[in-house]
Amino acid sequence: MKTINEIVLEESRSLLDSNSNKSRHGVWDKKQRRAYMRLISGVKRAVALGKFTFHLTLTSSLCAGDLSRSWDLLVKRVRRELRFNFQYFKVETSEGNGVLHCVVVCDDFRVLNWEYDSIHAYFSCLWKELHASPIVYVSVFRSNINKFCGYIISQYVCGHSFLRSSMSFLRSLS
């Protein structure tokens, strides 16, 4: 019987062999393929483990402070307040005053009897408190994993506004 890691590794290799490493701008470079593989393996592993996965977009404003510091505070606060295994893949872009596009993997919010509006309200209030920017977009993952991950990479990593990406999952997703 194969482990989750072996299944994800096999599927990831087959994805790289297919034409999935092309964006609308052409063939992905090494950095973009690496980001895609890290993202897709983390999301597939999370789905296999029954984790809740969603896309979180956090905006910035002129009066806001350091974006990365505010993100670190948000992650620590969520982990402390909700006691969730909150993991992420984050892409920082230079759109406007800076935007974070995050794929978040955590324990299921249904444990707290939260619906979509509650999740959005929680992150909106928290981001307003930490970064003085209340505009937050939340979209729950419900589609094909390959399309979802390909969209994140082609829109935010391949775009000209890409600054950096980072991640926390794969290290401690269990």
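In this predicted model, 5 strands form an open sheet in the order 6-3-5-4-7, with antiparallel pairing. The edges are taken by strand 6 (136–140) and strand 7 (162–167); each has a single partner strand, so one side of each is left without a neighbour in the sheet. On average, and with direction ignored, neighbouring strands of this sheet are turned by 15 degrees against each other. In general, the strands of a sheet pair through backbone hydrogen bonds, in either a parallel or an antiparallel manner.

**Overall composition**

The protein contains 5 helices and 7 strands. Along the sequence these elements follow the pattern α-β-β-α-β-α-β-β-α-β-α-β. The protein has 174 residues, of which 49% count as buried. Among contacts with a separation of 6 or more, 75% are accounted for by residues 24 or more positions apart.

**Helices against the sheet**

Helix 3 lies across strand 3 (52–58), strand 4 and strand 5 (99–106), and runs at about 160 degrees to strand 4. Helix 4 lies across strand 3, strand 5 and strand 6, and its direction makes an angle of about 150 degrees with strand 6.

**Helix–helix packing**

| Helix pair | Angle | Axis distance |
|---|---|---|
| Helix 3 (residues 67–82) and helix 4 (residues 116–131) | about 130 degrees | 10 Å apart |
| Helix 2 (residues 30–48) and helix 5 (residues 145–157) | roughly 145 degrees | within 10 Å |

The packing angle of about 130 degrees between helix 3 and helix 4 makes helix 3 oblique to helix 4. Helix 3 passes helix 4 in a right-handed crossing. On the side of helix 3, the contact is made by Leu67, Ser70, Trp71, Leu73, Leu74, Arg77, Val78, Glu81 and Leu82; helix 4 contributes Tyr122, Phe123, Leu126, Trp127, Glu129, Leu130 and His131. Sorted by class, this contact has 11 nonpolar, 2 polar and 3 charged residues.

A right-handed crossing is also found where helix 2 passes helix 5. Here Gln32, Ala35, Tyr36, Leu39, Ile40, Val43, Lys44 and Val47 of helix 2 meet Ile145, Asn146, Cys149, Gly150, Ile152, Ile153 and Val157 of helix 5. The class composition of the contact between helix 2 and helix 5 is 11 nonpolar, 3 polar and 1 charged residues.

Lys90 is found in strand 4 (residues 87–93). Is Lys90 buried or exposed? With a relative accessible area of 8%, Lys90 is buried, because the cut-off for that class is under 20%. When neighbours within four places in sequence are left aside, Lys90 is in contact with Ser68, Trp71, Leu100, His101, Cys102, Arg164, Ser165 and Ser166. Lys90 and Thr57 are separated by 33 residues in sequence, while their C-alpha atoms lie 9.5 Å apart in space.

Methods: Residues numbered from 1 in each chain as written. Predicted model: local features only at pLDDT ≥ 70, side-chain atom pairs only at ≥ 80, totals over all residues. Heavy atoms only, no water. Axes fitted to C-alpha atoms, helices over the stretch in contact; angles between N-to-C directions. Helix = DSSP H or I, 4+ residues; strand = E, 2+ residues; numbered from the N terminus. Parallel < 35°, antiparallel > 145°, perpendicular 65-115°, else oblique. Left-handed = near helix turned anticlockwise from the far one by under 90°. Contact = heavy atoms within 4.5 Å. Nonpolar A, V, L, I, M, F, W, Y, C, P; charged D, E, K, R; others polar. Buried < 20%, exposed > 50% of the residue type's maximum accessible area, 1.4 Å probe, protein only. Pairing = 2+ DSSP bridges.
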